[in-house]
Amino acid sequence: EGEHGFACCVHNRDFLPGERFLDQMGECMNASRRVLCFLSPSFLDSNYCIWEFTHALEGDVQRGRKRLAVIMLEP
């Protein structure tokens with residue numbers, strides 16, 4: 001991260017225990033310059049991942065931003 005000037009949000013490191021997970025995720029995503037979505041079958045099976053993707057996409061559409069980048073890991 002630091003070597004390349006990026007900061008990543010990692011839930012088990014950056015989130016506060018006892019606070020709502022989705023609230024913290026939304027706040028991190030709203031404050032981010034970029035949101036990367038690594039698309040895989042596991043991603044599609046996760047309700048949290050689908051929520052995160054939808055939140056980022058809706059935020060971009062509503063605010064006219066282009067932060068969301070989708071990277072397909074598996075066809």
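Buried means under 20% relative accessible area, exposed over 50%, and partly exposed in between (1.4 Å probe, protein chains only). This is a predicted model: local features need pLDDT of at least 70, side-chain atom pairs count only at pLDDT 80 or more, and totals for chains, interfaces and linings use all residues. Residues are numbered from 1 along each chain as its sequence is written, and side-chain values use heavy atoms, with hydrogens and water left out.

**View 1. Lys66 in its loop.** Lys66 lies between helix 4 (47-63) and strand 2 (68-72); helices (H or I, at least four residues) and strands (E, at least two) are DSSP runs, numbered from the N terminus. Lys66 counts as exposed because its relative accessibility is 78%. Beyond its neighbours within four places in sequence, Lys66 is in contact (heavy atoms within 4.5 Å) with Arg34 and Asp60.

**View 2. The Asp60 and Arg67 salt bridge.** A salt bridge puts a side-chain nitrogen of Lys or Arg within 4 Å of a carboxyl oxygen of Asp or Glu. Here the side chains of Asp60 and Arg67 meet at 2.9 Å, N to O. Asp60 is buried, at 7% relative accessible area. Arg67 is buried too, at 3%.

**View 3. Arg13 and Glu1.** The closest N and O atoms of this salt bridge are 2.8 Å apart. The pair links distant parts of the chain: Arg13 sits in helix 1 (residues 11-14), and Glu1 in the segment before helix 1, 12 residues apart. Arg13 is partly exposed at 46% relative accessibility. Glu1, at 40%, is also partly exposed. A network of salt bridges links Glu1, Arg13 and Asp14.
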